[in-house]
Amino acid sequence: RQMCIRDRRRVRGFLKRFSHMARIDCSDSKLQEALDDVRNPKTETNWCVFSYVPKTEKLKVQSKGDGGLEELAEELSEGNVHYAYLCMETVNQRKFVYIAWCGEGVIGMRKGNFNNHAIDVANYIKEKRNAIHVQINARKEEDLDEDKIKQRLRTAIGANYDAGGVKQGHSEVLTRLCYNSKYLEAVSYTHLRAHETPEHL
């Protein structure tokens with residue numbers, strides 16, 4: 001049977017409301033102010049967390065601080081969705097981590113919209129010229145291991161060093177930089193065994 005006009009209107013109305021609810025609202029200017037605060041090397045702030053205004057899809061600044069990942073993690077609850085921006089130092093460089101958190105207790109529409117909203121927030125951050133070097137999708141505290149995040153940052157910036165050597169597959173490459181007033185020479189030794197040392201080193 002063909003759907004009657006009344007039913008069609010009801011379906012269109014439902015889809016319209018659903019579409020509106022599914023869109024995240026990042027219009028609050030305080031969001032960008034919090035991101036700027038984290039980015040600014042002259043401030044002590046190194047993280048901020050966004051959450052939803054109750055019963056809406058609008059984001060607000062929930063909190064910010066200077067205590068790093070450990071302090072940030074205390075703001076993430078099992079029954080809520082949060083989005084966080086974190087500054088971490090690795091290899092003597094300031095790098096930035098975006099954390100999209102959907103607690104294990106989140107259900108219903110909030111959980112269903114999470115993936116799309118996480119992408120929208122990431123795009124919002126990048127559109128405001130804020131760097132994201134690593135993105136973490138997390139559901140529990142164990143997903144926020146600081147050592148693993150720093151390892152991902154080092155990998156992302158191409159600085160995966162081990163005991164002064166650079167790992168390339170199963171080979172150890174030792175590079176010596178020889179400098180004088182005329183030139184800079186790089187000498188590489190591949191497949192170098194731990195007990196072998198070239199005589200001219």
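Visitor: What makes the residues around Tyr 98 its contacts?

Guide: Contact here means heavy atoms within 4.5 Å. Leaving aside neighbours within four places in sequence, Tyr 98 is in contact with Tyr 83, Ala 84, Ala 118, Val 121, Ala 122, Ile 125, Ile 132, Val 134, Gln 135 and Ile 136. Do keep in mind that this is a predicted model, where local features need pLDDT of at least 70 and side-chain atom pairs count only at pLDDT 80 or more, while totals for chains, interfaces and linings use all residues. Residues are numbered from 1 along each chain as its sequence is written, and side-chain values use heavy atoms, with hydrogens and water left out.

Visitor: Why is the set with Phe 50, Leu 59, Tyr 83 and Tyr 98 called a nonpolar core?

Guide: Buried means under 20% relative accessible area, exposed over 50%, and partly exposed in between (1.4 Å probe, protein chains only). The largest such core has 25 residues, and those four have the most contacts inside it. The element giving the most to this core is α5, with 6 residues. A second, separate core of 17 residues includes Leu 86, Ile 136, Leu 144 and Leu 153.

Visitor: How do you know which strands are the edges of the sheet?

Guide: Strands are DSSP runs of E with at least two residues, and helices are runs of H or I with at least four, numbered from the N terminus. Two strands pair if DSSP finds at least two bridges between them. The open sheet has 5 strands in the order β2-β1-β3-β4-β5, with mixed pairing. Its edges are β2 (59–65) and β5 (134–138), since each pairs on one side only.

Visitor: What makes β1 and β2 a pair?

Guide: They share 6 bridges, in the antiparallel sense, and the requirement is at least two. Tyr 52 stands opposite Leu 59 in β2.

Visitor: How do you know that the length of α5 is close to the expected one?

Guide: The expected span is 1.5 Å times one less than the number of residues. With 14 residues, α5 reaches 20 Å from its first C-alpha to its last, close to the expected 20 Å.

Technical notes
Core = buried A, V, L, I, M, F, W, Y, C linked by side-chain atoms within 4.5 Å.
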